[in-house]
Amino acid sequence: MNTTHAVAAELAVVPERPAAAPPDVATATAAPARFRLLPWLQRNRQDLALPLMFIAAVAVFSLQAPGFLTADNLTNMARQSVYLLIVALGQLIVLVGGGLDLSVGMVVSLTSVASATVMAAVYAAAPDAPWLAVAAGAATGLVIGCAVGLVNGLGSTLLKIPPFMMTLGMSSVLFGITLLVSGGVPIYGLPPVLGEVFGFGEFLGVPVPALVAVLLVAATYLLLEWSRFGRHLYATGGNLRAAELSGVRTRRVLVHSYILSALTGVLTGLLLTARLDTGEANIGASLPLESIAACVIAGVSLAGGQGRALKVLLGTLLIMLVGNGLNLMQVGAYAQTMAIGAILIFAMALARH
């Protein structure tokens with residue numbers, strides 16, 4: 001092939017240059033996308049709500065509540081947050097699976113009186129073995145937690161009872177058992193080592209209850225984010241039928257979630273008993289509403305399949321911050337309950353709309 005023919009062949013395979021776009025179309029394509037504030041706020045309203053409420057609460061209480069930002073008050077608030085945080089983590093696990101646990105407050109109360117009764121009896125029989133009494137009380141709570149969680153889980157999965165009704169009925173049953181065990185009076189006679197270690201003890205300068213809560217936050221994070229159980233739990237809560245078709249044993253997952261929730265109630269009951277140095281029948285009454293509020297404020301979906309442990313930590317701190325600030329402003333307990341309910345309604349409104 002001579003040079004003329006080669007050039008002709010090369011020109012033949014060169015694609016035709018596309019026609020130039022009209023000036024107005026080219027300008028519209030090259031222009032950067034315009035940032036629209038309102039749609040962005042609408043899409044991220046749930047993520048923004050928690051930090052904005054946190055900042056607003058800190059600002060209001062800093063101005064209106066004397067001594068709110070002192071180190072002693074903040075330390076005391078963090079210490080008081082431990083018990084609600086542990087219960088809220090259990091509530092988170094159940095909510096992610098699409099369930100609800102209203103019985104966790106009565107699990108706390110029953111654990112307190114039943115474990116205290118056992119510990120007092122063992123300590124009275126063997127005063128030289130206080131740790132044996134503590135272990136017997138902890139074992140009693142463990143049995144209670146496993147039994148309550150198993151019944152809640154089986155009732156919700158096998159009997160198809162709605163979680164709201166199942167756990168509400170269980171709460172009533174547990175309240176009756178609690179009064180039957182305690183007779184409506186506090187249980188005394190606990191071994192002193194219980195309060196010294198688990199109520200007021202410290203490890204490396206950190207209060208033991210706070211250390212337990214931090215470890216539990218880390219464990220819940222790893223369980224939900226990095227374990228097979230966590231993946232199956234999110235799948236079950238997100239779409240139960242799809243999870244079943246994918247081979248997830250949804251009943252087992254849900255039963256385990258209720259058992260874990262009940263065990264967090266047991267742990268809270270034991271820590272509160274150590275803190276108060278007595279078994280009390282009414283120490284868990286407000287925990288179901290507060291734990292649900294802490295989860296919903298943190299963006300946990302009541303429909304299941306959505307929620308993060310670290311956000312629940314912030315939601316719990318917000319609940320405790322509001323209660324602490326209102327206390328310093330000398331607002332009564334009834335008004336505090338109203339405030340928490342209003343926050344819960346506000347968070348639900350954000351989630352729905």
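This is a predicted model: local features need pLDDT of at least 70, side-chain atom pairs count only at pLDDT 80 or more; totals for chains, interfaces and linings use all residues.
Tutor: Residues are numbered from 1 along each chain as its sequence is written, and side-chain values use heavy atoms, with hydrogens and water left out.

Student: Why are α14 and α15 called oblique to each other?

Tutor: The axes of α14 (residues 287-297) and α15 (residues 309-328) cross at roughly 125 degrees. Angles under 35 degrees count as roughly parallel, over 145 as roughly antiparallel, 65 to 115 as roughly perpendicular and the rest as oblique, so this pair is oblique.

Student: Which residues of α14 and α15 make the contact?

Tutor: Ala293, Ala294, Cys295 and Ile297 of α14 meet Val312, Gly315, Thr316, Leu318 and Ile319 of α15, where contact means heavy atoms within 4.5 Å.

Student: How do you know that the span of α15 is close to the expected one?

Tutor: The expected span is 1.5 Å times one less than the number of residues. With 20 residues, α15 has an expected 28 Å and reaches 29 Å from its first C-alpha to its last. Just after α15, Gln330 takes a positive phi of about 60 degrees.

Student: What makes Ser171 count as buried?

Tutor: Buried means under 20% relative accessible area, exposed over 50% and partly exposed in between (1.4 Å probe, protein chains only). Ser171 has 14% relative accessibility, so Ser171 counts as buried. Ser171 lies in α8 (residues 163-182) and, leaving aside its neighbours within four places in sequence, is in contact with Leu102, Ser103 and Met106.

Terms used
Axes are lines fitted to C-alpha atoms, for helices over the stretch in contact, and angles run from 0 to 180 degrees between N-to-C directions. Helices (H or I, at least four residues) and strands (E, at least two) are DSSP runs, numbered from the N terminus.
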